[in-house]
Amino acid sequence: MQGIGEAPALAVSVAEYRRATGFIEPDAEADLLIESYLRAAQDVVEAGTNRPLGLRDVRFSAEVGPRLRRWWFPCAPVAEITALRFLRGVTITEIAPADIAPRMLHDEPQLLFPAGVIPAGGSGVLEVEARVGSAVPDPRLAQAIILIVKDWREANIAIDQTEYTRASFGCRALMKQARYTRPLVTEEG
């Protein structure tokens, strides 16, 4: 997944973190640190669940065969498919999003390709551009972010210290509940 647009806003704001943890006194320097913790924790939660928090534009590339019938997204939810193309060598075939059938974009996002949409011949690369994520983050994942940042702050850990990567049991449980696992990559007919 390659981001092609602006990074999304934080799923949990500094003010929401302060309210959730009782850390009320405003402090500009502390707020900058909390914001950096929140951004890093959001990255951890997104990577651990395959669920983008906040809307963003991305591009997916996958090698596929000419008999492609179904392709599953590696993350969920998907808000909109904006562009599709099939690349074989130097030939680029644009595919209109209206020519494919998106299914279950919130829970198990996939694209169904009618026969003939993918050009006959050898395999190639399918490029899919889409808007993924949700404008309103899953409350479980927002809570996981808060728990991670709280742990990091209490342990006085710098966000660039990679040896402190274990999340608390509660955080891992919340992430596991919301994790998206792609059932298959492709299905050929």
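Helices (H or I, at least four residues) and strands (E, at least two) are DSSP runs, numbered from the N terminus. By that rule, V58 lies in strand β2. The model is predicted: local features need pLDDT of at least 70, side-chain atom pairs count only at pLDDT 80 or more, and totals for chains, interfaces and linings use all residues. Residues are numbered from 1 along each chain as its sequence is written, and side-chain values use heavy atoms, with hydrogens and water left out.

Start with the whole chain. The protein chain has 4 helices and 9 strands. Along the sequence they follow the pattern β-α-α-β-β-β-β-β-β-β-α-α-β. The C-alpha atoms fill a box of roughly 65 × 30 × 30 Å, taken along the principal axes. The protein chain exposes about 10,300 Å², and carbon and sulfur atoms supply 53% of this area. Accessible areas come from the Shrake-Rupley method with a 1.4 Å probe; for residues, only the protein chains shown count as cover. Of the 189 residues in the protein chain, 38% are buried. Buried means under 20% relative accessible area, exposed over 50%, and partly exposed in between (1.4 Å probe, protein chains only). Contact means heavy atoms within 4.5 Å. Among contacts with a separation of 6 or more, 78% join residues 24 or more positions apart.

Now the sheets. Two strands pair if DSSP finds at least two bridges between them. β1 and β2 pair in the antiparallel sense over 2 bridges. Here G3 stands opposite V58 in β2.

V58 is buried, with a relative accessible area of 1%. The C-alpha atoms of V58 and M1 are separated by 6.3 Å, although these residues are 57 residues apart along the chain. Leaving aside neighbours within four places in sequence, V58 is in contact with M1, Q2, G3, I4, V128, E129, A130 and V132.

At the other end of the strand order, β4 (residues 78-88) and β5 pair in the antiparallel sense over 5 bridges. R88 stands opposite T91 in β5. The hairpin of β4 and β5 has 2 residues between the strands, and G89 takes a positive phi near 65° there.

A further open sheet has 4 strands in the order β6-β7-β3-β9, with antiparallel pairing. β6 (101-103) and β9 (186-188) stand at the edges with a single partner strand each, so one side of each is left without a neighbour in the sheet. Neighbouring strands of this sheet are turned by 20° against each other on average, direction ignored. Within the sheet, β3 and β9 pair in the antiparallel sense over 3 bridges. L68 stands opposite E188 in β9.

Next, the helices. Helix α1 (residues 14-21) and α2 pack at an angle of about 95°, with their axes 10 Å apart. That makes α1 roughly perpendicular to α2. Angles under 35 degrees count as roughly parallel, over 145 as roughly antiparallel, 65 to 115 as roughly perpendicular and the rest as oblique. Axes are lines fitted to C-alpha atoms, for helices over the stretch in contact, and angles run from 0 to 180 degrees between N-to-C directions. From α1, the contact is made by V14, Y17 and R18; from α2, by A30, D31, I34, E35 and L38.

Aromatic rings come last. Rings of Phe, Tyr and Trp (its six-membered ring) pair if their centres lie within 6.5 Å; planes under 30 degrees apart count as stacked, over 60 as edge-to-face and the rest as tilted. The count comes to 4 aromatic pairs. One of them is Y37 with W152, a tilted pair at 6.1 Å centre to centre, with 50° between the planes. This pair links distant parts of the chain: Y37 in helix α2 (residues 28-49) and W152 in helix α3 (residues 139-154), 115 residues apart. Both Y37 and W152 are buried.

The rings of F60 and W71 have their centres 5.9 Å apart and their planes at 55°, so this pair is tilted. F60 belongs to strand β2 (residues 56-64) and W71 to strand β3 (residues 68-72), 11 residues apart. F60 and W71 are both buried. Ring pairs link F60, W71 and F73 into a cluster.
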